Amino acid sequence: MPENARLSGFLDEISLEFVEREATPKLSMKLSIQLHLAGLSLSNTVSFLEIFGVDRVRSTVHNYVHKADLQPESGRSPNHVAVDETVIQLDDEQYWLYAAVDPDSNDLLHTKLEPTRTNVIADQFFAELREKHDVDDAIFLVDGAVPLHRACEKHGLDFRYERHGNRNSVERVFRELKRRTVCFSNCFSNAEAETADEWLRSFAFAWNQLI
């Protein structure tokens with residue numbers, strides 16, 4: 001798909017139903033959401049808007065992103081699903097990010113941010129993934145994490161151990177997430193877990209639109 005088609009498609013998918021009375025032109029609001037989710041920091045996004053005569057502060061753009069409530073599309077039927085977990089920093093606290101990716105399309109299917117890493121949470125992650133997508137016939141690609149193996153077995157899912165190969169798709173998502181958080185002092189600063197979780201879902205939406 002041509003790059004300009006992906007970008008225009010991204011803008012079309014952003015709903016501004018949350019807007020009641022807002023002086024900012026809607027196209028500028030959509031553009032600010034796209035720019036931030038595509039990689040610009042809030043400060044750089046605000047600077048970009050100033051070029052077009054739109055003077056807004058970082059918190060305003062932050063609110064646009066979260067109020068838009070962007071979600072990755074559900075109802076996928078992948079042949080393979082790569083699943084992994086990694087540590088995300090929220091200020092001085094560590095949280096575990098679970099992610100599932102379709103390695104054939106590189107689409108991010110589901111994320112879950114939790115303060116701990118347990119068998120119960122892994123089970124909940126797979127239950128949520130199965131509710132969102134038709135994955136019961138997919139082959140799950142997992143590393144040596146025991147909770148992921150147990151969760152696959154509990155849900156009756158076919159899985160295989162794989163360190164590289166198609167599992168690199170989920171590693172690419174994690175690398176991009178961590179590249180993005182480097183722009184924000186390598187963590188979600190002054191953010192509640194719920195806010196970070198919302199941003200991650202918005203990131204998943206943007207990732208699927210722009211890759």
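Here is a short walk through this structure, from its aromatic rings to its packed helices and a few residues in loops.

The model is predicted, so local features need pLDDT of at least 70 and side-chain atom pairs count only at pLDDT 80 or more, while totals for chains, interfaces and linings use all residues. Residues are numbered from 1 along each chain as its sequence is written, and side-chain values use heavy atoms, with hydrogens and water left out.

Let us begin with the rings. A pair of aromatic rings is described by the distance of the centres and the angle of the planes. Rings of Phe, Tyr and Trp (its six-membered ring) pair if their centres lie within 6.5 Å; planes under 30 degrees apart count as stacked, over 60 as edge-to-face and the rest as tilted. A search of the whole structure turns up six aromatic pairs. In one of them, Tyr-98 and Phe-125 have ring centres 5.8 Å apart and planes at 35°, so this pair is tilted. Tyr-98 belongs to strand β2 (residues 93-102) and Phe-125 to helix α5 (residues 119-132), so the pair ties together parts that are 27 residues apart in sequence. Helices (H or I, at least four residues) and strands (E, at least two) are DSSP runs, numbered from the N terminus. Both Tyr-98 and Phe-125 are buried, where buried means under 20% relative accessible area, exposed over 50%, and partly exposed in between (1.4 Å probe, protein chains only). Ring pairs also link Tyr-98, Phe-125, Phe-126 and Phe-140 into a cluster.

Now look at helix α8 (residues 193-210), which holds both Phe-203 and Trp-207, four residues apart, or about one turn of the helix. Their ring centres are 5.9 Å apart with planes at 35°, so the pair is tilted. Phe-203 and Trp-207 are both buried.

Next come the packed helices. Two packed helices are described by the angle between their axes and the distance between the axes. Axes are lines fitted to C-alpha atoms, for helices over the stretch in contact, and angles run from 0 to 180 degrees between N-to-C directions. Helix α2 (residues 26-38) packs with α8 at an angle of about 90°, their axes being 9 Å apart. That makes α2 roughly perpendicular to α8; angles under 35 degrees count as roughly parallel, over 145 as roughly antiparallel, 65 to 115 as roughly perpendicular and the rest as oblique. Here, His-36, Leu-37 and Ala-38 of α2 meet α8 residues including Trp-199 and Phe-203, with contact meaning heavy atoms within 4.5 Å. Helix α2 also packs with helix α4 (residues 58-68) at an angle of about 90°, with axes 9 Å apart. Among the α2 residues that meet α4 are His-36 and Leu-37.

What does the side chain of His-155 make a polar contact with? Its partner is the side chain of Arg-130, at 3.0 Å. A polar contact is a pair of N or O atoms within 3.5 Å; within protein, one must be able to donate a hydrogen and the other to accept it, and residues adjacent in sequence count only if both atoms are side-chain atoms. His-155 is placed in the loop between α6 (146-154) and β5 (158-161), and counts as buried at 16% relative accessibility.

Finally, visit two other loops. Asp-69, between α4 and β1 (80-90), has a positive phi of about 50° although it is not a glycine. Asn-106 lies in the loop between β2 and β3 (107-114), and its phi, near 70°, is likewise positive.
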